[in-house]
Amino acid sequence: MANGTVHLIPAPLHEEAVSGLPPAILEAVKTCPVFFVENERTARRFLKKIWKEMVIDDYTWFTISEEPALKQSFRNAIKDGKTIGIISEAGCPGVADPGQALVAIAQEMKALVKPIVGPNSILLALMASGMNGQQFRFAGYLPIDNGQRMKTLKDMEALSARENSTQIFIETPYRNNQLLEAICTACKPQTKVCVAVDLTAATESILTRSVAEWKQTKPELHKRPAIFLLYAGI
């Protein structure tokens, strides 16, 4: 039985949106001498924002990667009984996030894994979309190839209609406009699509419209963090 503890520490979706984070995040951070993070620069800036007295250089930092040496460092920290913090770039570690591989190792080693409540774009968008929250599927990134993308969108629309489920997916921010254009081309006019942009930021926008309505007015989404939801159910 490993003695280590792993805290899954949510990061804000927008760097200025730290005021609503629960106190449990700071409490956990103060117990962690070691951090495994997706981006060290932004993680350090985030922690300094919620804990001004933190002496950043007193802590051990690892950047999450697929390198065997990184995973071995994580195993060693658990074996040594360390309390470890995992921080993703935005949102919750382990959800559409490379930190999942480390969490799997922690579970295999029977370490204590403690997820902490925090912002998650998938759930926030689903909550505000008005779509089916009883049955939903997160598909991650869609294919880049246009033909494959169009087929995937049509398949997702058919699945949504057949299972009365919400389909959730994302894109690299600089391709958001192209994705919305593809949705409007591939999907039926009555299919509902929610576009949730800049979640938790002052510029946040969460709009659910039919494909026919989106064709009339398309927002500018270039380089804005966005998440898309599709619903063709009853």
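Leu-123, Met-127 and Phe-136 make up a nonpolar surface patch with about 330 Å² of accessible area together. In such a patch, each residue has over 30% relative accessible area and no salt bridge, and nonpolar side chains are joined within 5 Å. The model is predicted: local features need pLDDT of at least 70, side-chain atom pairs count only at pLDDT 80 or more, and totals for chains, interfaces and linings use all residues. Residues are numbered from 1 along each chain as its sequence is written, and side-chain values use heavy atoms, leaving out hydrogens and water.

**Surface patch**
- Leu-123 is in helix α5 (residues 121–129).
- Leu-123 has a relative accessible area of 45% and is partly exposed (between the limits for buried, under 20%, and exposed, over 50%, with a 1.4 Å probe and protein chains only).

**Aromatic pairs**
- The structure contains 6 aromatic pairs (ring centres within 6.5 Å; stacked if the planes are under 30 degrees apart, edge-to-face if over 60, otherwise tilted).
- Phe-35 and Trp-61 are stacked, because their ring centres are 5.1 Å apart and their planes at 20°.
- This pair links strand β2 (residues 34–37), which holds Phe-35, to strand β3 (residues 60–63), which holds Trp-61, 26 residues apart.
- Phe-35 is buried at 0% relative accessible area, and Trp-61 is buried at 11%.
- Phe-36 and Phe-62 also form a stacked pair, at 4.5 Å centre to centre and 10° between the planes.
- Ring pairs join Phe-35, Trp-51, Tyr-59 and Trp-61 into a cluster.

**Asp-198**
- Asp-198 sits in the loop between β8 (192–197) and β9 (205–210).
- With 12% relative accessibility, Asp-198 counts as buried.

Conventions: Helix = DSSP H or I, 4+ residues; strand = E, 2+ residues; numbered from the N terminus. Patch = residues over 30% accessible without salt bridge, like charges linked within 9 Å, V, L, I, M, F, W, Y side chains within 5 Å. Areas by Shrake-Rupley, 256 points an atom, 1.4 Å probe, with all protein chains shown as cover. Salt bridge = Lys/Arg side-chain N within 4 Å of Asp/Glu carboxyl O.
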